[in-house]
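Visitor: Hi, I'm new to this one. Can you walk me through what I'm looking at?
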Amino acid sequence: MGDFKHLVLVKFKEGVVVDEMLGGMAKLVTELDYVKSFEWGADVVSEETLRQGFTHAFVLTFKSKEDFAAFSSHPKHLEFAPTFASAIENILLFDFNAVLIKPVP
């Protein structure tokens, strides 16, 4: 079985300083060893009607679902979560066991 992925799509509220949110997330994931990798990006190509208002994507990779559960219940995550949640207008979460088809060379 592959890694466990936590995919987060968000639309931040008007006036939110996105760089502050990204800084907080970067600090959180670098401090907790449960997170195997963290990637993010802002949409740059999709048409508004196709992305349904979402502007940013975050992908957190964990070795297992148990590591994700430990991360989710960690006090540092619980401390940051309300700050992140208050900055979001809309969110979509998707958690899954990754199936690797083509590995990175």
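Visitor: What percentage of the 105 residues of the protein chain count as buried?
Guide: The figure is 29% of the 105 residues. Buried means under 20% relative accessible area, exposed means over 50%, and partly exposed lies in between, with a 1.4 Å probe and protein chains only. A note on the source: this is a predicted model, where local features need pLDDT of at least 70, side-chain atom pairs count only at pLDDT 80 or more, and totals for chains, interfaces and linings use all residues. Residues are numbered from 1 along each chain as its sequence is written, and side-chain values use heavy atoms, with hydrogens and water left out.

Visitor: OK. How many helices and strands?
Guide: Four helices and four strands. These are DSSP runs, numbered from the N terminus: helices are H or I with at least four residues, strands are E with at least two.

Visitor: In which pattern along the sequence?
Guide: The chain reads β-α-β-α-β-α-α-β.

Visitor: Which strands does β1 pair with?
Guide: β1 pairs with β3 in the antiparallel sense, over seven bridges. β1 also pairs with strand β4 (residues 88–97), again antiparallel, over nine bridges. Two strands pair if DSSP finds at least two bridges between them.

Visitor: Which residues stand opposite each other there?
Guide: His 6 faces Leu 60 in β3. Leu 7 faces Phe 94 in β4.

Visitor: New topic. How many aromatic pairs does the structure hold?
Guide: Nine. Rings of Phe, Tyr and Trp (its six-membered ring) pair if their centres lie within 6.5 Å; planes under 30 degrees apart count as stacked, over 60 as edge-to-face and the rest as tilted. One of the pairs is Phe 12 with Phe 58, edge-to-face, at 6.5 Å centre to centre and 85° between the planes. Phe 12 sits in strand β1 (residues 4–12) and Phe 58 in strand β3 (residues 56–62), 46 residues apart.

Visitor: Are those two buried or exposed?
Guide: Phe 12 is buried, at 8% relative accessibility. Phe 58 is buried too, at 0%.

Visitor: Which other ring does Phe 58 stack with?
Guide: Phe 38. Their centres are 6.3 Å apart, with 10° between the planes. Phe 38 lies in strand β2 (residues 35–42) and Phe 58 in β3, so this pair ties together parts 20 residues apart in sequence. Phe 38 is partly exposed, with a relative accessible area of 22%.

Visitor: Which residues make up the ring cluster?
Guide: Phe 12, Phe 38, Phe 58, Phe 80 and Phe 84, linked by ring pairs.

Visitor: Now His 77. Where is it?
Guide: His 77 is in helix α4 (residues 75–86). Its side chain reaches the backbone oxygen of Ser 72 at 3.0 Å. Setting aside neighbours within four places in sequence, His 77 is in contact with Leu 28, Phe 71 and Ser 72. Contact means heavy atoms within 4.5 Å.

Visitor: Last one. What are the overall dimensions?
Guide: The C-alpha trace spans about 40 × 35 × 20 Å along its principal axes. Among contacts with a separation of 6 or more, 80% come from residues 24 or more positions apart.

Key. A polar contact is a pair of N or O atoms within 3.5 Å; within protein, one must be able to donate a hydrogen and the other to accept it, and residues adjacent in sequence count only if both atoms are side-chain atoms.
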